[in-house]
Amino acid sequence: MSATRTLRALPTLLRVGVAETVAYRAEFLVWILTTTLPLVMLGLWTSVAQDGEFKGYSSAAFVAYYLANLIVRNLTGSWVAWQISEEIRLGAMSMRLLRPLHPYVAFAASHLAAVPFRSVVVLPVAVVLLVSSGASALTTEPLQLALIVPSLVLAWIITFNVMFMIGSLGFYVTKTMALLNLYFGLFSLLSGYLLPIPLLPVQIRWFAEWMPFRYMLSAPIELMTVKLDAAAAAWILVAQSGWAIATLVLALVVWNRGVKRFEAVGG
Amino acid sequence: MTRYLRLFVVQMRISVAAGMAYRADFLLEGVMAIAWMALTLLPLFVLYSGRKDVAGWDAPSAMIVIGYFLAVRAVLEGVVSPSFVDLVERIRSGAFDYVLLKPVDAQAIVSASRFEPWKIFDLIGAVVLVIYAFTKIGHPPALADLGLGLVLFVAGVLAMYSLWILCAAASFWVVRLDNLTYLLGAIFDTARWPVQVFRGLWRFVFTFVIPVAVMTTFPAMALLGRLDAATALAVIGGSLGLLVVSRLVWRTAIRSYTSASS
Amino acid sequence: MIRATELKKHFRVHKRPPGFASAMKSLFRRTYETVKAVDGVSFTIERGERVGFLGPNGAGKTTTLKVLSGLLHPTSGSVEVEGHTPFKRETKLLEAITLVMGQKSQLIWDLPPAETYAMNRAVFDVPKPQFDATLKELTELLDLGPLLDKPTRQLSLGERMKCELAAALLHQPTTLFLDEPTIGLDVAMQVAIRDFVRSYNQRHEATVLLTSHYMDDVVALCPRIIVIDQGVLIHDGDLRALIKTMDPDKRVSFTLTTQVADEDIVKLGTLVAREGQRISIKVAEAEIPAVVGHLLGTLRAADLAIEDPPLEDVLRVMFGKHKAQPA
């Protein structure tokens, strides 16, 4: 399927994706609401830190961290693994493979189409964050601020790739739900979703610092809330780019192998 | 009555048979249960490595709250959630019509239509955790406390079940709601902390609006002998009340589905 | 016995025109319109009858069946099935009826049909000996033997439909509502299912209400047909009588062996179809002997056939007439 045809198809794909998202108002809202863990953690840690700083984090710092967490999670989260495994289970995947559009592009388009809406919902959170934390817990370095958006984009790409790869495992394994749960557990732990990485026990912290999870979530948060020198900030972007490419390659390899197997078995 | 019992047994048997189909799952589920418990305990570990006491709860007593959390979650993920997913699928495909045509209450059919039998591991893990917590405390719970702790566990499960029925009823009005099961899980996640840890509005919400406190904190307090009789009765009453409300809402949902009101 | 009196069923449907702007608007405000699916239908069906519901798509057939089986409350009018009000869904009634929807399945997808049967047995509280006997009878009649233990998703469409029927009949209902039971099936399977339904009706004196797009189903199975169009009943009675009143002329088909001019053919009757040398004409019943004589004698036509007009044509005329009337 040629690249030009894909590009030409993109506007329609995006438009339909938007219509789909809007078609089910309540589901859309529910999806937004499911990322409540950061809020719960926020409630917990701000209560704890009210009596005094907890390992270097003040109440305001926790507020900043978890609200930024919520924003990033909402903007970068992907559900393509569920989509793929459902399509395989219901038989719709066979149909999709017949179409002259690579599923990676199709799924990516439908996900991108939802970003505008998620931004709308995320906006009030961002405002609350700015108003409640102010400059004390948020960065003001212009370089860091400039890098936030690229970092979010890269985080989105890495997350999508990893989810796409896990979804592709549905070609090999029937119980993708178990895999997804395992993945989500690791993600919560190592990405900074559950707890800021510096608060993790030492042994785990070491793991978290070089696994891709950090670059899916914690990286943009760090740019927003931690004072970094230029080198450190740039390094984050470099590492994210590296992971974006690596996960893309991995995702497509697993996908291709999976499809071959799928077709051999009879779809 | 026997009809309902036999239905439950058949549904259980079918789910276990389906679950046994892949033997590798056995190992996987066991590993998952342990991994998940470790993950649940981590924030606790981090918290108590920096503080000795949080809102009147020390590490072992907070562990008991987590034990209840794991136990109720085992029931949620073992019975309630899978059945809910099944229900949503039936509504979407139209096969729910067949449920209405059976001479058995629809709520009974959909409540336990699917099981994840391996969640029993999680339940066992919860019990082990509570026992461990009590070894840290130094003495076992008084018999009366143990009894009350069990009763409130049942009340907690009923409260959680009622919330699920309310979500299930909602899915009649808005068809594509499979995410609701994740929402329920996400809200339920707040139950892993003693409710006193939250302050102000949060505490109010978690005690009265979405009563997760009922499911974990109060039963833990009962087991530790810290719960007064009045609160215990209120919790039991509240759970039963919620059960009744959810039943009424469910009935309304069915009536709407069959356009009884139009 | 089934009785419907002035049955009406109206729905409020949300209108959603295409386009980005309307999609955004529908996020905040929705417009509704009323669809009159069933608008004043009355009929009475006695025990043991086989009745076919016919009508174009969206005519109200499925809605009527859903009201009769208790899945929908009527907007107005009354319905009575075997002495019960369907929408109350009383246990006694649910044990006596069954609904089979060709487009929706009650079989558990990932498991063999046998498991669904076990579930139904528990739900309908069927004693084991009776259940075993019924299952045996159904297995023989529908040839289910090797299918019972294969997961439903592995069965072909026809096999699945047979298993669906069995699932629906395990509790030996006396009233059968069949909504498009043969949809998507091949001819051999359609015939098998028709035979099965007829045999069940005769053995158990079960009332059968059938909706179908396939005329053959209705012609083969139902001596009485009820025609519904746009929610209104436009015919209720004998199938042959319907054809006779709507279109009394016969169809005569033949193959020409010699060259015959069109004007000569038109003299015999109205031309209906022509495929090369194969011709079909409409002839009034009284003129049949003369026309046939002429065809065989003078024109030496071969492969002569005299038939009633096909039901499709009759219905097309009927629906066309109905549309022409003021609403």
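Author: Contact means heavy atoms within 4.5 Å. The model is predicted, and local features need pLDDT of at least 70, side-chain atom pairs pLDDT 80 or more, while totals for chains, interfaces and linings use all residues. Residues are numbered from 1 along each chain as written, chains are lettered from A and ligands numbered from 1 in the order written, and side-chain values use heavy atoms, without hydrogens and water.

Reader: Which residues of helix α9 of chain B are buried?

Author: Helices (H or I, at least four residues) and strands (E, at least two) are DSSP runs, numbered from the N terminus. Buried means under 20% relative accessible area, with a 1.4 Å probe and protein chains only. In α9(B), residues 200-209, they are Val205(B), Phe206(B) and Thr207(B). Their cover includes α10 (212-215) and α11 (217-223) of chain B.

Reader: In what order do the three strands of the open sheet in chain C stand?

Author: Strands of a sheet pair through backbone hydrogen bonds, either parallel or antiparallel. Here two strands pair if DSSP finds at least two bridges between them. The order in chain C is β2-β1-β4, with antiparallel pairing. Because β2 (31-45) and β4 (76-81) of chain C are at the edges with a single partner strand each, one side of each has no neighbour in the sheet.

Reader: How many bridges join β1 to β4 in chain C?

Author: Five bridges link β1(C), residues 2-15, to β4(C). Within β4(C), Ser78(C) lies opposite Thr5(C).

Reader: What does chain C contain as a whole?

Author: Chain C has 12 helices and 13 strands. Of its 327 residues, 50% are buried. The C-alpha trace of chain C spans about 70 × 55 × 45 Å along its principal axes. Among contacts in chain C between residues at least 6 apart in sequence, 72% link residues at least 24 apart.
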